[in-house]
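Try each task before reading its solution.

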Amino acid sequence: MNAKKLLLGVLSSMVLLTGAQAAYPEKPITAVVPFPPGGSTDAIARAVGQKVSTRFGQPWVVDNRPGATGAIGAGLVKRAPADGYTVMVASIGVYAVNQFLQKGLAYNPQRDFDLLTVAVRAPNVLVARPDLPASTIQDFIAYLKKNPGKVNFASSGNGSSDHLTAELFWQKSGTSGLHVPYKGGAPAITDLLGGQTDVSFVNINAALPYIKSGKLKALAVTGEQRAAVLPKLPTLAESGVPGVEIYSWQAIAAPKGLPKDVKAKLHGAIVAALNEPDLKSKLVEQGFEVVGNTPEQFDQFLAAEQARWKNVIEVGKITLD
């Protein structure tokens with residue numbers, strides 16, 4: 001009799017456990033964005049979140065936690081329960097750069113997170129204040145050489161894609177400039193529009209409205225090919241500066257140790273959201289390329305990105321001091 005009761009208890013527990021897993025998600029999902037509102041990463045988190053929320057029938061709540069080029073928000077996600085109710089939407093600096101620049105970093109991208117997917121990628125575009133006396137890359141390089149270390153390059157933070165693109169550009173063109181880091185892409189663009197800084201390698205989607213309105217002057221794009229949204233704008237390679245083929249990217253991860261079925265369900269919902277025709281079309285119009293790869297592909301991609309940027313940082317002797 002006791003054996004029967006024990007068996008029934010075990011079976012009941014298994015049924016309850018299976019039911020609990022199948023019910024995911026049962027409450028809101030928090031998407032931590034380790035940057036201020038208004039930038040590219042924040043925009044991607046909100047756009048994807050609307051679709052995932054509809055699919056799951058649960059809210060997707062964006063929680064902006066800026067600071068230390070994303071390290072503060074990433075540390076928060078690392079410490080969160082691995083239950084599928086906390087994810088991180090972050091960019092290149094958080095995943096591929098911070099560990100080479102920040103001593104005592106409180107997280108390790110591969111060790112502390114379950115990598116879900118690279119959501120999107122987009123080239124950066126070199127934009128300048130309209131009155132800058134250069135309209136081509138050749139003119140700009142000549143201007144930099146006449147004013148070594150004096151032209152202000154705004155970025156969304158130390159170790160961000162726009163910062164490292166500038167560093168690589170200097171290395172490949174034999175020039176130099178003054179890096180001016182901000183706490184996110186939105187404030188960096190605001191000061192560039194206001195003329196407080198001179199140029200920036202901005203995510204193309206963020207710069208596009210200002211280029212079209214004439215508030216910023218575009219000089220070149222960092223992609224392997226010309227961008228469909230700016231077909232007349234040459235690449236840096238076409239302009240005589242090869243080796244600066246760079247894409248900014250946004251990716252999604254969760255605390256390490258997600259249950260296998262929760263990870264699969266979360267990944268599937270995110271990728272499906274990215275590929276919904278209306279959202280995909282909107283992203284493409286803004287200059288993004290939808291990626292939506294597998295966790296395994298994300299891991300391989302991340303390893304290559306880390307190797308690349310580690311080399312750029314070492315060659316440039318880049319520090320946060």
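The exercises below concern a predicted model.

**Exercise 1. Helix packing**

Task: Determine how helix α4 (residues 92–101) and helix α12 (residues 295–316) are oriented to each other.

Solution: 
- Two packed helices are described by the angle between their axes and the distance between the axes.
- The axes of α4 and α12 come within 9 Å and cross at roughly 45°.
- Angles under 35 degrees count as roughly parallel, and 65 to 115 as roughly perpendicular. The two helices are therefore oblique to each other.
- The crossing of α4 and α12 is right-handed.
- On the α4 side, the contact is made by I92, Y95, A96, V97, Q99, F100 and L101. On the α12 side, F298, L302, E305, Q306, W309, K310 and I313 take part.
- Sorted by class, the contact of α4 with α12 has 10 nonpolar, two polar and two charged residues.

**Exercise 2. The buried residues of α6**

Task: Find the buried residues of helix α6 (residues 137–146), and say what covers them.

Solution: 
- The buried residues of α6 are I137, F140, I141 and L144.
- These residues cover an arc of only 100° around the axis, so they sit on the same side of α6.
- Their cover includes the strands β4 (113–128), β5 (152–155), β7 (199–203) and β8 (217–221). Helix α7 (161–173) is also part of the cover.

**Exercise 3. A loop residue**

Task: Is K232 buried or exposed?

Solution: 
- Locate K232 in the loop between β8 and β9 (247–255).
- Its relative accessible area is 78%. The cut-off for exposed is over 50%, so K232 is exposed.
- Now take V87, 145 residues from K232 along the chain. The C-alpha atoms of K232 and V87 are separated by 38 Å.

Methods. Residues numbered from 1 in each chain as written. Predicted model: local features only at pLDDT ≥ 70, side-chain atom pairs only at ≥ 80, totals over all residues. Heavy atoms only, no water. Axes fitted to C-alpha atoms, helices over the stretch in contact; angles between N-to-C directions. Helix = DSSP H or I, 4+ residues; strand = E, 2+ residues; numbered from the N terminus. Parallel < 35°, antiparallel > 145°, perpendicular 65-115°, else oblique. Left-handed = near helix turned anticlockwise from the far one by under 90°. Contact = heavy atoms within 4.5 Å. Nonpolar A, V, L, I, M, F, W, Y, C, P; charged D, E, K, R; others polar. Buried < 20%, exposed > 50% of the residue type's maximum accessible area, 1.4 Å probe, protein only. Arc of directions from axis to C-beta.
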